[in-house]
Amino acid sequence: MPGTGTGTGTGTGAVADTLDLLITGGLVYDGRTAAPASLDIGVRGDRIVFMDTVHAGQGAPLRTRERARVRARLHVDATGMIVAPGFIDPHTHAYEGLPRLGVERRRNLSSLMQGVTTVVLGADGRGPLDVRDVLTASEAAGLGTNTYALTGFGTVRARVMGNSSAPATEAQIATMRTLIANAMAEGAYGVGSGLFYVPQSYATTDEVLRVVSAAKPFGGVYDTHQRDESSYSIGLFASTREAIRIGCESGLTTNIGHIKTLGVDLWGKADSVLAIMREARATGCVVVADQYPWTASGTGLSAALLPRWAQAGGRDSLRLRAADPGTRARILGDMRENLRRRGGDSTLLLIDGGPEAAPYIGKTLAHVAMGAGQPAVETALDLVLRGLDMGVASFNMTEADIETFMRDPYVMTSSDGSDGHPRLFATYPRKIRRYVLDTPVLSMSRMIASAPSPVADSYGLADRGTLRVGAFADVIVFDPRALREEASYTNPRALASGMAWVFVNGVAAVHRGVPTNALAGRALRKR
């Protein structure tokens with residue numbers, strides 16, 4: 001311990017007698033090395049100040065008097081438990097709406113109780129343009145987890161062009177580039193896009209590339225919900241190549257958000273998607289992806305079924321089109337094909353909406369359509385036109401493809417957490433329980449390595465995502481035998497169980513399995 005410098009070689013020499021936190025007896029996964037080690041971890045303030053083996057020399061235990069020299073304000077006995085870096089969620093909507101979120105949302109217990117200590121802000125192209133103000137105000141109000149921001153292609157296009165489906169003019173592109181550059185200068189870690197969603201879907205590849213490349217002088221990531229994860233428009237393979245081209249030619253790292261093969265037309269094609277990514281890396285492009293371990297995606301009813309052309313101009317324009325018999329027939333025809341791609345009306349579960357949507361929540365589209373006495377697509381269109389554009393869980397993926405993506409070393413873990421879907425509350429425990437312990441697809445080392453360190457490396461989150469001397473003390477302690485996902489599709493907001501301790505910047509956010517409601521998170525800014 002103090003001054004031993006033995007074992008892994010991570011000792012720091014003389015360690016003062018008093019620490020803020022001492023974790024002993026645990027099996028430590030540092031997030032990088034494959035093999036865990038029996039280590040003690042000492043924390044002072046917000047940093048790890050030493051990590052060392054609990055034995056000195058050739059297996060000889062440290063003398064009692066040497067161990068007794070170390071005093072800690074909090075001593076955690078992690079015997080029989082795993083100690084790991086706090087997970088970093090690179091694609092979630094947990095903090096969407098900052099800085100206006102109330103304190104309950106800012107505590108972010110849905111993430112903390114899974115062992116997540118850092119989350120992204122701005123997935124799917126919805127990131128802020130006024131990055132400095134948002135981060136400053138959010139931190140001042142208090143954050144339960146750390147957060148880092150992406151600025152948004154969707155935000156900037158909507159700011160400059162509204163819901164227009166027209167091509168961007170040169171002047172509009174120049175304005176969007178200026179806004180992106182300003183956001184990057186204020187500390188954004190990259191640019192997010194959601195080319196599947198209107199109005200982003202109206203942008204051509206060239207437009208996106210020209211706008212996003214304004215971030216090149218700052219470095220960072222092009223993170224995308226790509227244009228087509230299925231066979232809606234250009235198809236999954238062409239869409240993956242488009243995403244990589246935008247990232248590579250703009251000089252940014254490409255991160256393909258929540259990578260998947262969505263719908264019956266693409267099942268069994270995960271290897272082909274990974275091959276496209278490998279080919280790009282062989283040419284020098286930096287390409288990664290993230291993934292959530294659920295067979296159901298989460299989106300909106302209109303996003304799942306309505307054709308993009310019908311949504312141009314917003315809901316009033318949609319209503320006018322739907323009022324014309326010929327145009328309505330065309331809309332319904334496209335919706336039937338989109339429903340087929342997703343596997344039919346029994347695969348769409350309505351999961352989230354306002355008070356008026358309450359009678360439909362927890363029912364499949366097939367059930368609702370039966371009650372309405374009309375076809376599923378007619379029912380869905382009527383709901384959207386009434387303003388009931390509910391969230392849906394769309395059961396449109398296969399376990400085989402999920403496992404293929406999961407095994408790839410360039411695929412990270414994410415939740416894509418959003419209201420109404422259990423992934424907001426249960427992704428990381430589910431992955432450990434289901435894919436590491438119950439039906440082993442990954443080792444525990446690979447699981448832990450997929451969650452914090454590659455995210456930190458890809459986005460440039462300095463001194464986070466790993467356990468080492470000098471790193472920020474984002475640390476989790478859990479007994480894998482006790483870890484459970486409690487949320488389900490019918491009860492999506494149940495907090496996970498089994499995380500014994502979660503420390504954010506050295507502060508206990510979860511204490512013996514109970515949240516402390518500490519607001520120890522920080523707003524991270526790219527330097």
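The model you are looking at is predicted, so local features need pLDDT of at least 70, side-chain atom pairs count only at pLDDT 80 or more, and totals for chains, interfaces and linings use all residues. Residues are numbered from 1 along each chain as its sequence is written, and side-chain values use heavy atoms, with hydrogens and water left out.

Strands here are DSSP runs of E with at least two residues, helices are runs of H or I with at least four, and both are numbered from the N terminus; two strands pair if DSSP finds at least two bridges between them. Step back and you will see an open sheet of 6 strands with parallel pairing, in the order β12-β13-β14-β15-β16-β20. Its edge strands, β12 (151-152) and β20 (411-413), each pair on one side only.

Now look for helix α8 (residues 236-249), which lies across β14, β15 and β16 (287-291) and runs at about 150° to β15. Angles run from 0 to 180 degrees between N-to-C directions, with axes fitted as lines to C-alpha atoms, for helices over the stretch in contact; contact means heavy atoms within 4.5 Å.

Next, the aromatic rings. The whole structure holds 8 aromatic pairs. One of them is Tyr148 with Tyr189, edge-to-face at 5.6 Å centre to centre and 75° between the planes. Tyr148 sits in strand β11 (residues 146-149) and Tyr189 in the loop between α6 (170-185) and β13 (190-194), 41 residues apart. Rings of Phe, Tyr and Trp (its six-membered ring) pair if their centres lie within 6.5 Å, and planes under 30 degrees apart count as stacked, over 60 as edge-to-face and the rest as tilted. Tyr148 counts as buried because its relative accessibility is 0%, and Tyr189 is buried at 5%. Buried means under 20% relative accessible area, exposed over 50%, and partly exposed in between (1.4 Å probe, protein chains only). Ring pairs also bring in Tyr459, making a cluster with Tyr148 and Tyr189.

Finally, visit Gln114, in the loop between α3 (109-112) and β10 (116-121). Gln114 counts as buried because its relative accessibility is 2%. Leaving aside neighbours within four places in sequence, its contacts include Phe87, Phe425, Tyr428 and Met499.
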